[in-house]
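Here is a short report on a single protein chain.

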Amino acid sequence: MGEALYNGLVEAMKSEEKKIHIEFIPGMASGFSAYEKTISIGMDYIQSNGLLHEMFHALQYYTKGKDAFNKSTLNCEIEAHYAQYLYLKSLPEFKGSYWEDMYKYDLRLRSIAELDRHLTQFVTASNDQKLNKQLEAVINAFRTSDDYSDTLIYRYDPNTGGINTFTLLQNLIKNCNQ
């Protein structure tokens, strides 16, 4: 998935000669600033899955456009978190790792991992009704987290909800061997 993400980002940035800056900052915080076109990675948290997550946001921004990205930031977070989870669980060292434990015990991350029960290998819904119910649980789990509780910043767009939440991920992995 990493190669597909990189190639998708390169392709999306070809038009209008778009740029992304990557900066390493003190601390653990990481993020993508659409305004500054910058991916910031905390130096105390330099891990490949964190970079993948923020690159995914950059690709979401460049493919969806500013308005669509801004009105569905929670949808984008859910999709990026699920992509990060798929990446992590594909790593040989995932079994028995800190990350495996986090996806078992952290409410928000566990709700992301539980999407696996409702999505196929190619991120299509095995049952739309059950997927939508799980997405409600994911949204509630994100809302209980201090990082994602602000509904003015993290907006959920029901028009791009359900299986449509994962459109970019579907396009990226359709040619992957995961």
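Lys 95 and Glu 100 form a salt bridge, with their closest N and O atoms 3.7 Å apart. The model is predicted. The two partners sit in contrasting surroundings. Lys 95 counts as exposed, at 69% relative accessibility. Glu 100 counts as buried, at 13%. Side chains of opposite charge can pair when their charged atoms come close.

The structure holds 5 salt bridges. Among them are these:

| Salt bridge | N to O distance |
|---|---|
| Lys 95 and Glu 100 | 3.7 Å |
| Glu 11 and Lys 14 | 3.4 Å |
| Lys 71 and Asp 157 | 3.8 Å |

**Across the chain: Lys 71 and Asp 157**

The side chains of Lys 71 and Asp 157 meet in a salt bridge at 3.8 Å, N to O. Lys 71 belongs to helix 3 (residues 66–71), while Asp 157 is in the loop between helix 7 and helix 8, so the pair ties together parts that are 86 residues apart in sequence. Helix 7 covers residues 128–144.

Is Asp 157 buried or exposed? Asp 157 has a relative accessible area of 7%. The cut-off for buried is under 20%, so Asp 157 is buried. Lys 71, at 46% relative accessibility, counts as partly exposed.

Which residues does Asp 157 touch beyond its neighbours within four places in sequence? Asp 157 is in contact with Lys 71, Ser 72 and Asn 75. Ala 68 also belongs in this picture. The C-alpha atoms of Asp 157 and Ala 68 are separated by 9.3 Å, and the two residues are 89 apart along the chain.

**Helix 1**

Helix 1 runs over residues 2–14. Its 13 residues should span 18 Å at 1.5 Å a residue, and its end C-alpha atoms are 19 Å apart, which agrees.

The buried residues of helix 1 are Leu 5, Leu 9, Ala 12 and Met 13. Viewed down the axis of helix 1, these buried residues fall within an arc of 95°, so they line one face of the helix. What do they pack against? The buried residues of helix 1 pack against helix 2 (48–64) and helix 8 (167–173).

The face turned away from the buried side of helix 1 carries the exposed residues Glu 3, Glu 11 and Lys 14. Glu 11 and Lys 14 also meet through their side chains, in a salt bridge of 3.4 Å, N to O. The two are 3 residues apart in helix 1, which means they are separated by about one helical turn. Glu 11 is exposed, and Lys 14 is too.

**A nonpolar patch**

Which residues make the nonpolar surface patch? Ile 22, Phe 24, Met 43, Ile 46 and Leu 51 make this patch, which is about 480 Å². Phe 24 lies in strand 1, which covers residues 21–25.

**Lys 37 and its backbone**

Lys 37 is not a glycine, yet Lys 37 has a positive phi of about 55°. Where is Lys 37 placed? Lys 37 is in the loop between strand 2 (31–33) and strand 3 (38–42). At 27% relative accessibility, Lys 37 counts as partly exposed.

Note on methods
Residues numbered from 1 in each chain as written. Predicted model: local features only at pLDDT ≥ 70, side-chain atom pairs only at ≥ 80, totals over all residues. Heavy atoms only, no water. Patch = residues over 30% accessible without salt bridge, like charges linked within 9 Å, V, L, I, M, F, W, Y side chains within 5 Å. Areas by Shrake-Rupley, 256 points an atom, 1.4 Å probe, with all protein chains shown as cover. Salt bridge = Lys/Arg side-chain N within 4 Å of Asp/Glu carboxyl O. Helix = DSSP H or I, 4+ residues; strand = E, 2+ residues; numbered from the N terminus. Expected span 1.5 Å × (residues − 1). Buried < 20%, exposed > 50% of the residue type's maximum accessible area, 1.4 Å probe, protein only. Arc of directions from axis to C-beta. Contact = heavy atoms within 4.5 Å.
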